[in-house]
Amino acid sequence: MTDTNGGPAAMAEQDARGRRKFLTGGLAAGAAAVGAWSLTSAQPASADTGDNLIAGEVTQAGALTGLLMTADPYSAAAFIVGTDGQGPAIEGDNNTSGPGVKGTTFRGTGAANAGVVGQVDHDLGVGVYGTSDVGVQGDSPGTTSTQIGVKGTAEGPQGVGVQGTGFKGVEGRSGNYGVYGAGFFGVYGASPVGAGVFGDSTAVAVPGVLAGNQVSGGLALSVQGFPKFSTAGRATVKAHSSKVTVTVPQVVASDSVLATAQGSGPAVKNAAASAGKITITLGATASSPVTVAYLIIRT
């Protein structure tokens with residue numbers, strides 16, 4: 001036998017026991033720590049512990065007030081509050097250090113069984129909105145690879161699963177991957193003024209950006225457009241000379257130097273690096289100035 005919404009009636013008693021445990025166990029223990037509750041904008045309480053709730057009035061209670069729904073259908077809400085005003089339908093305030101609103105579910109997985117569900121039935125609506133020093137925080141106490149602190153999904157063709165705005169739109173901190181992206185483009189960045197993707201490092205031997213390919217012989221880096229290197233430049237060998245020395249800070253002797261003469265004149269015979277400089281030597285003495293392009297690579 002099932003209820004009108006398809007929920008198995010055979011699970012009714014098990015569900016009821018779970019909710020009773022929730023009300024009489026965890027909440028009852030928490031109720032002992034509840035102090036006097038006051039609303040700054042509320043009227044003085046016209047009822048007290050043991051009295052009936054009165055619509056339009058504030059009731060002050062010194063013990064837990066609970067509602068346990070044990071009747072079908074189980075897919076319906078146990079308690080519904082609606083409003084036609086601009087304020088929230090339900091507001092939870094905590095004058096001490098606990099949460100204002102808490103939602104808990106004891107069974108099931110996925111969004112349909114979430115502790116708290118926020119929903120808007122029109123485009124551009126916000127299902128859940130948080131304001132604070134930390135607007136929204138998601139924590140996962142699990143230790144397996146499937147645990148997720150915050151998850152965002154969007155079903156539209158141009159939808160955004162998670163969006164962040166601010167000086168740092170999205171910040172990820174981890175001992176492994178601060179930000180991990182998987183998809184047709186694992187990570188996509190676009191900027192009209194800075195850089196689409198910026199990689200930085202705080203250690204000398206650690207690259208700011210690491211490109212790799214898990215397939216042996218696979219392509220690690222593809223550049224669409226002109227590459228630009230801070231360790232590349234041009235130098236001029238003066239007339240009646242055969243070499244030029246260029247000061248390049250942080251260059252070490254183990255670096256490799258690629259150099260090519262531009263235009264006519266003697267070709268480059270040798271290019272070598274030493275501490276803080278590179279020396280480019282032509283195969284013959286230049287009769288007129290020779291421009292040489294170079295690229296320094298750390299090997």
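# Close-up views of the predicted model

**View A. Gln250 counts as exposed, at 66% relative accessibility.** Buried stands for under 20% relative accessible area, exposed for over 50%, and partly exposed for values in between, with a 1.4 Å probe and protein chains only. The model is predicted, so local features need pLDDT of at least 70 and side-chain atom pairs count only at pLDDT 80 or more, while totals for chains, interfaces and linings use all residues. Residues are numbered from 1 along each chain as its sequence is written, and side-chain values use heavy atoms, with hydrogens and water left out. Gln250 is placed in the loop between S2 and S3. Helices (H or I, at least four residues) and strands (E, at least two) are DSSP runs numbered from the N terminus. The phi angle of Gln250 is near 70 degrees, which is positive although the residue is not glycine.

**View B. Leu124 is a residue other than glycine with a positive phi.** Its phi value is near 70 degrees. Leu124 sits in the loop between helix H1 (12-31) and S1. With 86% relative accessibility, Leu124 counts as exposed.

**View C. The largest nonpolar core has 17 residues.** Such a core is a set of buried Ala, Val, Leu, Ile, Met, Phe, Trp, Tyr and Cys residues joined through side-chain atoms within 4.5 Å. Ile278, Ile280, Val292, Tyr294 and Ile296 have the most contacts inside this core. At least two core residues come from each of S1 (232-237), S2 (243-247), S3 (256-262), S5 (277-282) and S6 (290-297). The most, four residues, come from S6. Val292 touches, among others, Arg234, Val237, Thr260, Val268, Ile280 and Leu282, not counting residues up to four places away in sequence; a contact is a pair of heavy atoms within 4.5 Å.

**View D. Side chains alternate along S6.** Val290, Val292, Tyr294 and Ile296 point to one face and are buried. Two strands count as paired if DSSP finds at least two bridges between them. Ala235 stands opposite Val292 in S6, and the bridge partner of Ala259 in S6 is Tyr294.

**View E. Three strands form an open antiparallel sheet in the order S2-S5-S4.** S2 and S4 (268-274) stand at the edges with a single partner strand each, so one side of each has no neighbour in the sheet. Neighbouring strands of this sheet are turned by 15 degrees against each other on average, direction ignored. Axes are lines fitted to C-alpha atoms, for helices over the stretch in contact, and angles run from 0 to 180 degrees between N-to-C directions. S2 and S5 pair over five bridges in the antiparallel sense. Thr247 has Lys277 of S5 as its bridge partner.

**View F. Ring pairs link Phe184, Phe185 and Tyr188 into a cluster.** The structure holds three aromatic pairs. In the pair of Phe184 and Phe185, the ring centres are 4.9 Å apart and the planes stand at 85 degrees, so the pair is edge-to-face. Rings of Phe, Tyr and Trp (its six-membered ring) pair if their centres lie within 6.5 Å; planes under 30 degrees apart count as stacked, over 60 as edge-to-face and the rest as tilted. Phe184 counts as exposed at 79% relative accessibility, and Phe185 is exposed with a relative accessible area of 57%.
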